[in-house]
Amino acid sequence: RIGALYVLVGAIVADFTVLFGKAFSGLLIPTFSGENQFTDPFIVVIVLVFMVSLPSQIYLINASLAVNDALYHIPNFYVFWNIGSIITGAIFYQEMADFELRNWVLFSAGVVMLFVGVVCTNIANGKKHTARDLQRLSHEELCEGEGEGENEGEN
């Protein structure tokens, strides 16, 4: 479904925004302290990817909201974005390198709660749409039934 694709691609671009935004901000702090970090050509790539990902992320979020219900987009985007941020933070910044057992247990519990909350939201959203569709169908059947009775009385 195209709506799910917008959510997923938007979240992936948001992950790049976070990754390269953190790298860019890490370059600014030493530069403001007098140690220019913008002498390496690779730095231009970091800045360009960050600057391109910002408007791209906004565009994809808006495109997703144009085709998806907000109650579908927001929780799913949040989950995909969080998972991507967790993975990129763990790989590129070694944010979990010092985790002990307690940290892993609490962290895993938090991620599971995030998933459960979004699954519950999606189930409730699906039931809401199903109920609305049934109500609309019942209304259409009622209107059709009234129309048939009027036509039969005219004959």
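View 1. Ile 2 is exposed, with a relative accessible area of 52%, where exposed means over 50%, buried under 20% and partly exposed in between, for a 1.4 Å probe and protein chains only. The model is predicted, so that local features need pLDDT of at least 70 and side-chain atom pairs count only at pLDDT 80 or more, whereas totals for chains, interfaces and linings use all residues. Residues are numbered from 1 along each chain as its sequence is written, and side-chain values use heavy atoms, with hydrogens and water left out. Ile 2 lies in helix H1, helices being DSSP runs (H or I, at least four residues) numbered from the N terminus.

**View 2. The nonpolar surface patch.** Ile 2, Leu 5, Val 9 and Val 67 together make a nonpolar surface patch of about 330 Å²; such a patch joins nonpolar side chains within 5 Å, from residues with over 30% relative accessible area and no salt bridge (a Lys or Arg side-chain nitrogen within 4 Å of an Asp or Glu carboxyl oxygen). Helix H1, residues 2–32, gives the most to this patch, with three residues.

**View 3. The crossing of H1 and H2.** The axes of H1 and helix H2 (residues 41–67) come within 7 Å and cross at roughly 150°, the axes being lines fitted to C-alpha atoms over the stretch in contact, with angles from 0 to 180 degrees between N-to-C directions. H1 is therefore roughly antiparallel to H2, a term for angles over 145 degrees.

**View 4. Gly 21 in helix H1.** Gly 21, which belongs to helix H1, is buried, with a relative accessible area of 16%. Gly 21 and Ile 46 are 25 residues apart in sequence, and their C-alpha atoms are 8.5 Å apart in space.

How values were computed: Patch = residues over 30% accessible without salt bridge, like charges linked within 9 Å, V, L, I, M, F, W, Y side chains within 5 Å. Areas by Shrake-Rupley, 256 points an atom, 1.4 Å probe, with all protein chains shown as cover. Helix = DSSP H or I, 4+ residues; strand = E, 2+ residues; numbered from the N terminus. Parallel < 35°, antiparallel > 145°, perpendicular 65-115°, else oblique.
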